[in-house]
Amino acid sequence: MKPPIKILTIWQSLVVDSYRSFFYELGQLASKDTSHDISLGIVAPEQFIELGSQVKKCDPFQDPFSQHNKKRQVFTLPTIVFHLQIVVYRHLVAVLKNFFQNKQKLVSRNIIYCMSEPYSITSLLVWITARIVLGKNFEFYCFALQNIHKKFPFPLKFVQKFIFAKVDAILVLGKEHEEVLRKHGYKGACIDFPLWFDSKLFCTAQNHEKKSPFTDRIPEKSLEGKIVIGFSGSLRVEKGIKDLFKCLENFQQNNLVLLIAGDGALKAWVQNACHELKNCDAIFLGPLDSQEMPVFLRTIDLLIVPSQTASNWKEQFGRIIVEALACGCLVIGSNSGEIPTVVNNDRYIFKEGDTTSMGQVLKRALADIPTNLQNKNLFMTEISKAVFQRYSDVKLAETFYSNVLLREFKGDIPYI
């Protein structure tokens, strides 16, 4: 008899439904598996604030998770947030006792996946709580997103060293993130765990008509017969928005429309730049919610991600890239951080901060987009299929299920 497996995931971003599709797929796999007894639990905040944004109340959870399903449980807890890396989940002791209770005294694998950095106080508090409730009978995993090596002050350095010694493995976004961990002295196992896209939301729409989905912001018929270029993200210098406009000022092609979606410190500058751009029409849409993003990505033909590395930041992943590719949209981007890895095509990568290089790659990409509708649909389908195999919630759930849940890791672990 195989021992039961219980995994509890704790993540502040689970407050948002659009970040949960991986866990929904994982739950569906567990529900269909008659060979293993797997219980999945999720801990989400009742509400959360990130980086000064508005308070976000927890979205309702969908099947197969609910507070009444003993095998797929949801726990929404009040939190005390001192910092993004210092989140205290109240009543976590009761949750651990409830979820990991073992009335029949069976041997089981108890897994806690805390999706916080190894240097975060959050990870430390979760580990200490688990140690108090479960003793030594649990495996502990955390998540690393840092792709720039930084020196930490003593308290965080101590926390990170402690967690390094206690984790069974650290899940990382990519190779750069593993390299940063190694520079900090981590010698344990790393598991490749890139961000995923929701395959039900982000997908192609064959024969999609180019009618403006944002009728209040895009003039009627302004996209007809045009190649639509898109930018979506935070409007700040590091995201390369100024470079994009500088590139387009000198770009000679008269059938282009630029759509800008986002918000940030450069909002006023972007609005003014849209009015002053001469060589193509530019339309500022403002910030879009999660339900509008798939529509935006199916409206554009090409997404540009011109991020620039700063002293304390470089692109960690670029989730918008995989979402755009899933919608059949061609993507070009700079060589900052993980962008080249995610784009996965050197033809579409330009040197960050180099508007001449950006223009050359843009011209190349535009020439690759078929003009015939049938050929274009085939082109979009191939793009979407390729990214589905690498980054969809479905595929990542399958990989995680077989390589993490059904396998006990001991010692060094190869990437999955």
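**Cavities, an open sheet and selected backbone features**

Good morning. The second largest cavity has a volume of about 30 Å³. The model is predicted, so local features need pLDDT of at least 70 and side-chain atom pairs count only at pLDDT 80 or more, while totals for chains, interfaces and linings use all residues. Residues are numbered from 1 along each chain as its sequence is written, and side-chain values use heavy atoms, with hydrogens and water left out.

Let me state the terms. A cavity is a set of points, on a 1 Å grid over the protein atoms alone, where a 1.4 Å probe fits but cannot get out, and lining residues have an atom within 4 Å of a point. Grid points are joined across faces, edges and corners, and a volume is the space filled by probe spheres set on the points.

I stay with the second largest cavity. Its lining consists of Thr9, Phe23, Leu26, Leu40, Gly41, Ile42 and Phe65. Two or more of these residues come from each of helix 1 (21-32) and strand 2 (38-45); helices (H or I, at least four residues) and strands (E, at least two) are DSSP runs, numbered from the N terminus. Strand 2 provides the largest share, 3 residues. By class, this lining has 5 nonpolar, 2 polar and no charged residues. Here Ala, Val, Leu, Ile, Met, Phe, Trp, Tyr, Cys and Pro count as nonpolar, Asp, Glu, Lys and Arg as charged, and the others, Gly among them, as polar.

How many cavities of 30 Å³ or more are there? The count comes to 2. The largest cavity has a volume of about 50 Å³, and the residues lining it include Glu117, Tyr119, Phe152, His177 and His184. Helix 5 (residues 175-183) gives the largest share of that lining, 3 residues. The lining divides into 6 nonpolar, 4 polar and 1 charged residues.

One of those lining residues deserves attention. His177 lies in helix 5. Is His177 buried or exposed? His177 is buried, with a relative accessible area of 0%; buried means under 20%, exposed over 50%, and partly exposed in between, with a 1.4 Å probe and protein chains only. Leaving aside residues up to four places away in sequence, His177 touches Ala144, Leu145, Gln146, Asn147, Val172, Gln316 and Glu338, where contact means heavy atoms within 4.5 Å.

An open sheet is formed by 6 strands in the order 14-13-12-15-16-17, with parallel pairing. Its edge strands, strand 14 (281-286) and strand 17 (349-350), each pair on one side only. Two strands pair if DSSP finds at least two bridges between them. Strand 15 (residues 302-305) and strand 16 (residues 330-334) pair in the parallel sense over 4 bridges. Within strand 16, Gly333 is the bridge partner of Val305. Helix 6 (residues 241-249) packs on the sheet and touches strand 12 (227-232), strand 13 (256-261), strand 14 and strand 15; the direction of helix 6 makes about 170° with that of strand 13. Axes are lines fitted to C-alpha atoms, for helices over the stretch in contact, and angles run from 0 to 180 degrees between N-to-C directions.

Finally, the backbone. The peptide bond from Asp63 to Pro64 is cis, with omega near 10°, and Pro64 is in the loop between strand 4 (56-57) and strand 5 (72-77). His91, although not a glycine, has a positive phi of about 70°. His91 is partly exposed, with a relative accessible area of 49%.

Terms used:
On a 1 Å grid over the protein atoms alone, a cavity is a set of points where a 1.4 Å probe fits but cannot get out, and a pocket is an open set with protein on both sides within 12 Å along at least five of seven lines; lining residues have an atom within 4 Å of a point.
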